[in-house]
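Subject: Structure for your review

Dear colleague,

Please find the structure below, followed by an account of what was found in it.

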Amino acid sequence: MSETPDERWMHHALALAQRAEHEDDEIPVGAVLVSAEGDILGEGWNRNITERDPTAHAEIVAMRSAGAKVGNHRLLGSTLYVTLEPCAMCAMAMVHARISRLVFGASDPKTGAAGSVFDLLADPRHNHRVEVQGGVLADEAGARLSNYFRRKRGKPPLA
């Protein structure tokens, strides 16, 4: 069975998450922003510890890169692929950027703002709503996160 375009881009985001962990020892979250035509506009991984910047989540890094590339703060027609459900900060940045679609891997039961704890992207009070698809390669994304924290705590990885 061949992979869907969403799975293909999520694999790309997972590779970025691996860079976060292996290059920067950051929580392994990766994000890639793709145009309606299927071109990469921006990508990133968690850099908040490395950059000493509380806003340098993978999604924000990817959106900043995309804005610089396209020369606009509006990222119309784009899809953001991220390995972990976005927090409230990242979700609202997506609304302000007018991102069309979010595809995420693992849900975040503590701070998720795309349906788990909050549902900011679907709130009818906003002047823009983002279409959301969660759970794409969720097991792989969740295992990567769990094993990162297990390693930090000196525990063996999950199978």
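Glutamate 51 is partly exposed, with a relative accessible area of 43% (buried means under 20%, exposed over 50% and partly exposed in between, with a 1.4 Å probe and protein chains only). Its partner in a salt bridge is arginine 47, with 2.6 Å between the closest N and O atoms; the term requires a side-chain nitrogen of Lys or Arg within 4 Å of a carboxyl oxygen of Asp or Glu.

This is a predicted model, in which local features need pLDDT of at least 70 and side-chain atom pairs count only at pLDDT 80 or more, while totals for chains, interfaces and linings use all residues. Residues are numbered from 1 along each chain as its sequence is written, and side-chain values use heavy atoms, leaving out hydrogens and water.

The whole structure holds 10 salt bridges. One of them joins glutamate 23 to arginine 19 at 2.8 Å, N to O. Both residues lie in helix 1, four residues apart, about one turn of the helix; helices are DSSP runs of H or I with at least four residues, strands are runs of E with at least two, and both are numbered from the N terminus. Glutamate 23 is partly exposed at 47%, as is arginine 19 at 34%.

Another salt bridge links arginine 101 and glutamate 131, with the closest N and O atoms 3.4 Å apart. Arginine 101 belongs to strand 4 (residues 101-106) and glutamate 131 to strand 5 (residues 131-133), so the pair ties together parts that are 30 residues apart in sequence. Arginine 101 counts as buried, at 18% relative accessibility.

Yours sincerely
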